[in-house]
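Colleague: I am new to this structure and would be grateful for a guided reading. May I put some questions to you?

Modeller: Please do; the structure is shown here.

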Amino acid sequence: MRVLTFCFGDYQTNTYFCFDESGACAVIDPGMDGEAVVNKLRERGLTPSHILLTHGHFDHILGVKAVQSATGAKVCIHTADAPLLSDPGRNAAVYFYRGQTESYPSLHGDILLHDGDRIDCGSFSFTVLHTPGHTAGSVCFSCGDTLFCGDTVFAYGYGRTDLAGGDAGALADSLERLAAIPENMKLCPGHGNSAHLDNCRSQIKYYARMLRMEG
Ligand SMILES: [Zn+2]
Ligand SMILES: [Zn+2]
């Protein structure tokens, strides 16, 4: 699998294209600018079969509609975050998206995910790790030695827990689960730079302890 990383939109959300030589492709978190994502896909002759969403926040999902209508890709989201797709209050758009929620696109998930699910895409496949805390339905997608971790953990921090569905105790559990992965996974987060788990493991455990003191 090859991975291309793009960063579009006001909130600098990372969008990942995962693809192989056969042209099989999945887009992880189309971000806020769906047209930009569609243009990048066209430039590379890629047609994704799946749009994988790490969670339902507006800065990760606003671009879904454009990518879905241009490509017919199936939208995959954890069952607990699926309601966020059509709810500007719960997906936080109402607070951050300059109040433009009248024209907010109504979306739905085609494939509702659960922990341990596998998503096949050409020669590669993703395994779903349910990592609640930033939202109730936050997930990480593991593929080979890469972990797409959304807003659960960043190279230098972790996702906020003060928005709808946020839960500091649940995030502490999720971070401990990630820190316990024995392999040195490459972490590809929803914002900011990538990192390697071996370099972050003790920091992630520390974040979990901090969150427990909060909660
Ligand atoms: Zn988020
Ligand atoms: Zn985000």
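Colleague: Is Thr-13 buried or exposed?

Modeller: Please bear in mind that this is a predicted model. Thr-13 is found in strand E2, residues 13-19. A residue counts as buried if 20 or more other C-beta atoms lie within 10 Å of its own. Thr-13 has 26 other C-beta atoms within 10 Å, so Thr-13 is buried.

Colleague: Which residues is Thr-13 in contact with, leaving aside its neighbours within four places in sequence?

Modeller: Contact here requires C-beta atoms within 7 Å. With those neighbours left aside, the contacts of Thr-13 are Phe-8, Asp-29, Gly-31, Met-32, Asp-59, His-60, Gly-190 and His-191.

Colleague: Why is the protein described as being as compact as a globular protein of that length?

Modeller: The secondary structure of the protein comprises six helices and 14 strands. For 215 residues the globule rule gives 17 Å, and the protein is as compact as a globular protein of that length because its radius of gyration is close to that value, at 16 Å.

Colleague: Is strand E5 largely enclosed by the rest of the structure or exposed?

Modeller: Strand E5 covers residues 74-78. It pairs in the parallel sense with strand E4, residues 50-52, over three bridges, and three bridges also join E5 to strand E6, residues 111-113, again in parallel. Four of the five residues of E5 are buried, so this strand is largely enclosed.

Colleague: Which residue in E6 is the bridge partner of His-78?

Modeller: E5 and strand E6 run parallel and are joined by three bridges. In E6, the bridge partner of His-78 is Leu-113.

Colleague: Which residues touch the most other members of the largest nonpolar core?

Modeller: In soluble globular proteins, nonpolar side chains tend to be buried together. The largest nonpolar core has 56 residues. Leu-187 touches, among others beyond four places in sequence, Leu-147, Val-153 and Leu-197. The residues that touch the most other core members are Ile-51 and Leu-187.

Notes:
Residues are numbered from 1 along each chain as its sequence is written. Chains are lettered from A and ligands numbered from 1 in the order in which they are written. This is a predicted model: local features need pLDDT of at least 70, side-chain atom pairs count only at pLDDT 80 or more; totals for chains, interfaces and linings use all residues. Helices (H or I, at least four residues) and strands (E, at least two) are DSSP runs, numbered from the N terminus. The radius of gyration is taken over C-alpha atoms; the globule rule is 2.2 Å times the number of residues to the power 0.38. A residue is buried if 20 or more other C-beta atoms lie within 10 Å of its own, exposed if 12 or fewer, and partly exposed in between; C-beta atoms are placed from the backbone. Two residues are in contact if their C-beta atoms, placed from the backbone, lie within 7 Å. A nonpolar core is a set of buried Ala, Val, Leu, Ile, Met, Phe, Trp, Tyr and Cys residues joined through C-beta atoms within 7 Å. Two strands pair if DSSP finds at least two bridges between them.
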